[in-house]
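Here is a short tour of some strands and helices, meant to be read with the structure open beside you. Please have a look at the view below before reading on.

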Amino acid sequence: MAASSNFSSISRSGEKPYSLSVNPSKAPVCFSPKTLQKPSFVHRPSSFQPLSQAHKPAVVLSSKNPIAGVVSAGNADPDSGFVLSDHDEKPREECGVVGIFGDPEASRLCYLALHALQHRGQEGAGIVTVNNNVLQSITGVGLVSDVFNQSKLEQLPGDSAIGHVRYSTAGSSMLKNVQPFVAGYRFGSVGVAHNGNLVNYRSLRAKLEDSGSIFNTSSDTEVVLHLIAISKARPFFLRIVDACEQLQGAYSMVFLTEDKLVAVRDPYGFRPLVMGRRSNGAVVFASETCALDLIEATYEREVYPGEVLVVDKDGVQSLCLMPHPEPKKCIFEHIYFSMPNSVVFGKSVYESRRAFGEILATEAPVDCDVVIAVPDSGVVAALGFAAKAGVAFQQGLIRSHYVGRTFIEPSQKIRDFGVKLKLSPVRAVLEGKRVVVVDDSIVRGTTSSKIVRLIKESGAKEVHMRIASPPIIASCYYGVDTPSPEELISNRMSVEEIREFIGCDSLAFLPINSMKKLYDEEAPNYCYACFTGNYPVLPTELKVKRVGDFVDDGLNGSIESIDGGWVQASRNQVAQKVASSS
């Protein structure tokens, strides 16, 4: 299913030409939001500025969920709840973005790059191109290969393009929220694709609506377009800077106009964004380097936190939004989200995960006969564990890659049906063995308990779980869909209680201090909020996530507010659901 929209361009005759010669290999230029009309350009300092008073993180409270003491949860109906999923889904990355400038096959390359980023979002995709000063858009629900075919790509000519893949929670009813978004304003048209989440979205939207702005979607990305449209700054890239100066939270964005491609990353650098170049000189931006590899673009560098990169026929201009706070890059990119073959935040994801496994083998050793992984995200950490422990790694669980979203279960109930569809134990590997199972994380714990049961039913003598991340005790508000704190098992139970709940013989998590030691002097530049509850940017406008809440490209709320088929249940029904899943 796909929807398409064509947008005519508007002449930019009202804009005066503006030139700024900047060597893209040098540090970006900085300027203050107070000088947007007549900017005073200053070279970016070689090191990041100290964290300002306004950006200091909140003090960590003694509670496992510290934000509960900072942000009001609001009043909840004690007699209401939501049916929980049978599956202990991992935290899900909201989306991935791509931008290409200067290639005659921009749309096809964008399509391939989005395919490489498919793991970052599977429920919606879109591409916008510019041809003859007209921005053309095709978006749709489903995988990249479902949304686009040869005839669709032929409708997207031009040598510049941006693309987006997203994870959504409400299927086709949220088609209007599939990006990139395109809008016309008094100086032309602009398209945008956004990865992240704005924590001050509500107040920005309310302010814009009070001024007469009309919103077509529930996405925080649309706020950015409105801020650009009302900005009085000149030229265009200063409008983007003006808009971004008002944003709080996580954003890695690519913009497309009739003659420019612009990439922006928030000052904390929460979400990744890299730049590469093809042999014909085309400039490429993507969320991960795996997208560059597929389209044969050479990785050059990250887009720096707080940087604006403007690409046009004259080359690349490098600027910065504001003096930088201490970067806070999402550590979960290295634990789970990114592909192992990607370089994220300047480091190999594969090497990070292998090192996590080696640390586990050193700090939580156990006598065992075989090491296996929960595929696919646990594989590299399991290889590291096995190598350090001197024990053979084998495929004890086989993952099915052909599982859809819905299944027809026989009337005779099959225990652990959902997990058995996805994972099949190999009895020849497991029977009579002391087995170490390495997974990247435990969220609700229900899937882990089913995996342990599957392995024991296959004849394993002992099952020892090793988790290649610290315990997750807090929700993410920076562009990752995580459950509410009430649903996070590590927020409610001790390690020993979790071990008893999932039924394994021993359980160990990656110690957070050991993880930080691995990154050495870079350790303070990562965000660990999901492990500590210490948020670099407090989500003061957002209520604490409750059971059944969602994050949909910046829209936080209860499932009631989505057009969809969720069924509200009583608290008793929820309790019964949790009990039956365990």
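## A parallel pair

Let's begin with one pair of residues in this predicted model: Val370 stands opposite Val435, which belongs to strand 25. The two strands concerned, strand 22 and strand 25 (residues 434-439), run parallel and are joined by 4 bridges.

An open sheet is formed by 4 strands in the order 22-25-26-28, with parallel pairing. Strand 22 (370-373) and strand 28 (506-509) are its edge strands, each pairing on one side only. On average, neighbouring strands of this sheet are turned by 20° against each other, direction ignored.

## Helices on the sheet

Helix 10 (residues 379-389) lies across strand 22, strand 25 and strand 26 (462-467), and runs at about 165° to strand 22. Helix 15 (residues 495-502) also packs on the sheet, where it touches strand 26 and strand 28. The direction of helix 15 makes about 130° with that of strand 28.

## An antiparallel hairpin

Now for another part of the chain. Strand 17 (residues 307-312) and strand 18 run antiparallel, with 6 bridges between them. A hairpin of 2 residues links strand 17 to strand 18. Within this pair, Val310 stands opposite Gln317 of strand 18.

How many of the 6 residues of strand 18 (residues 315-320) are buried? The count is 5 of the 6, so strand 18 is largely enclosed by the rest of the structure; buried here means under 20% relative accessible area.

Conventions. Residues are numbered from 1 along each chain as its sequence is written. This is a predicted model: local features need pLDDT of at least 70, side-chain atom pairs count only at pLDDT 80 or more; totals for chains, interfaces and linings use all residues. Side-chain values use heavy atoms; hydrogens and water are left out. Buried means under 20% relative accessible area, exposed over 50%, partly exposed in between (1.4 Å probe, protein chains only). Two strands pair if DSSP finds at least two bridges between them. Axes are lines fitted to C-alpha atoms, for helices over the stretch in contact, and angles run from 0 to 180 degrees between N-to-C directions. Contact means heavy atoms within 4.5 Å.
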